[in-house]
Every structure is written in C-alpha cells, then in structure tokens.
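The model is a predicted one.

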Amino acid sequence: RVLSVFRSAAPFFGYPVDMTHHRFPAAALVALLAAVPAAAQDVRLDGVAALPPAVVARTAREALAGAGDPAARRRAAEAVEALYRANGFSLARVVAIDDLPGGGLSFTVAEGRIRKVVVTGNQKTRAAVVRSAVHLREGAVYRDNLAADDRARLARLGIFEEVTVVARNPEDSAADGAQIGEVDLLVRVKEAQTGNVAATVGYG
C-alpha cells in the first residue's frame, strides 16, 4: 500500500511513475507519507441530543486523527466529554465505543438525562410547589447552570433557609428500569420559620 501511494504521487516529487525496478530515497518516502493526510474516521453517534451531533462527531474525529487504537479512542472519548463539560453538561459520559461493520466507530453517549425529580425536606410545603419553581424536568438533560438557576429561584421564594439542587444516581434503578446514564434530580430544602409568607405559595 505504501508503494502504491508513492507510485501515484511520485511525479510530484520528480521521480518516474514506474517505480517497480527503482530504488527511491528513504527521506523522500518519509516526506511523502507525512504529506498524505490520514483518512477521516467514520463516526456514528448514539444518545446525542443536548449538543449538535455534527459538532460532537467532528470533535471525536479530530481527536482520533485517523487512528483507531485504544489510546486514540480514549482521547476521542475525553474530547467529547470535555466538549459537554464546556457547555455545562458535567454528567455526560461516553459509555461505549464500538467498531462499525464497514469501518469507523460508534460512540454511545449518556448525557445525564433526568429520570425524575425528587423533593425532600419539605414538611409543610407541597412538593408540587417546589417542582413548579424548578425548570429542570423529567426527560431534560442535567445542566449545571440550569440547576444553579433553579436553586436561586427556590431561594427567592423566601420560604426556605437552605436549598440544594443536585443530580444523583437512581437508588431504585433496578426496580424502575432506569437507563444507563439517567439521573434523578434531588431538590433538598429546609423550610424557614416564616408561616405568613409561606402560606401564600402553597403550604398545605
């Protein structure tokens, strides 16, 4: 294959086209191979929705740089996860890289999709009131800035001393059939001692 590549490009380096019975300098071959770009790796994606698939695929291809060895695959997975983190999706992980039958690689990404919203710590406030202030919902992909916005929104209600909005692995995943990479959004609150204000926003 190397010889055929050299034969096809030899005229550009000043060598005869028929190289069958000719020797050529090693330096010329090295220069030729360095000038030939690596073939673009075919990349397929599964589970990608939060970011444009074309952007994710391009990131993976650039990290692969035409190679399919384990180190290149790790670099590609890390590059894809870094892309997600840079856009606020800190839970996204590449959970599988499989060979495609016709060549190339298939990347499966678990983006951190929310399975359900769990409200804890509310003694008097109805859980529905808490959920109504949370914009991260079931089916959405967990995003750091949206979780921070939800926490701030709940704090502004004035009925909670403490508010925490975090993602956690589903504790009952086996029973409920949670998919790989799914998370529960845990909204933990501690109610303030302000009965008058709280009564207007849903104390039950």
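Two strands count as paired if DSSP finds at least two bridges between them. S1 and S3 meet this in the parallel sense, over 4 bridges, and Leu45 stands opposite Phe107 in S3.

**Sheet**
- The sheet is open, has 3 strands in the order S1-S3-S2, and its pairing is mixed.
- Strand S1 (43-46) and S2 each have a single partner strand and stand at the edges, so one side of each lacks a neighbour in the sheet.
- On average, neighbouring strands are turned by 25 degrees against each other, direction ignored.

**Helices on the sheet**
- H3 packs on the sheet through S1 and S3, and its direction makes about 130 degrees with that of S1.
- H4 also packs on the sheet, touching S2 and S3, with its direction at about 145 degrees to that of S2.

**Helix H4**
- H4 has 17 residues and reaches 24 Å from first to last C-alpha, close to the 24 Å expected at 1.5 Å a residue.
- Buried residues of H4 include Ala72, Ala76, Val80 and Tyr84; the buried residues of this helix pack against H3, strand S2 (93-99) and S3.
- Gly88, whose phi is positive, near 90 degrees, follows H4.

**Nonpolar cores**
- The largest nonpolar core has 21 residues, of which Val56, Leu64, Val80, Tyr84 and Phe107 touch the most other members.
- Helix H3 (53-64), helix H4 (70-86) and strand S3 (105-110) each give two or more residues to this core, and H4 gives the most, with 6 residues.
- Apart from this core lies another, of 18 residues, among them Val134, Tyr142, Leu154 and Leu185.

Terms used
Residues are numbered from 1 along each chain as its sequence is written. This is a predicted model: local features need pLDDT of at least 70, side-chain atom pairs count only at pLDDT 80 or more; totals for chains, interfaces and linings use all residues. Side-chain values use heavy atoms; hydrogens and water are left out. A nonpolar core is a set of buried Ala, Val, Leu, Ile, Met, Phe, Trp, Tyr and Cys residues joined through side-chain atoms within 4.5 Å. Buried means under 20% relative accessible area, exposed over 50%, partly exposed in between (1.4 Å probe, protein chains only). The expected span of a helix is 1.5 Å times one less than its number of residues. Contact means heavy atoms within 4.5 Å. Axes are lines fitted to C-alpha atoms, for helices over the stretch in contact, and angles run from 0 to 180 degrees between N-to-C directions.
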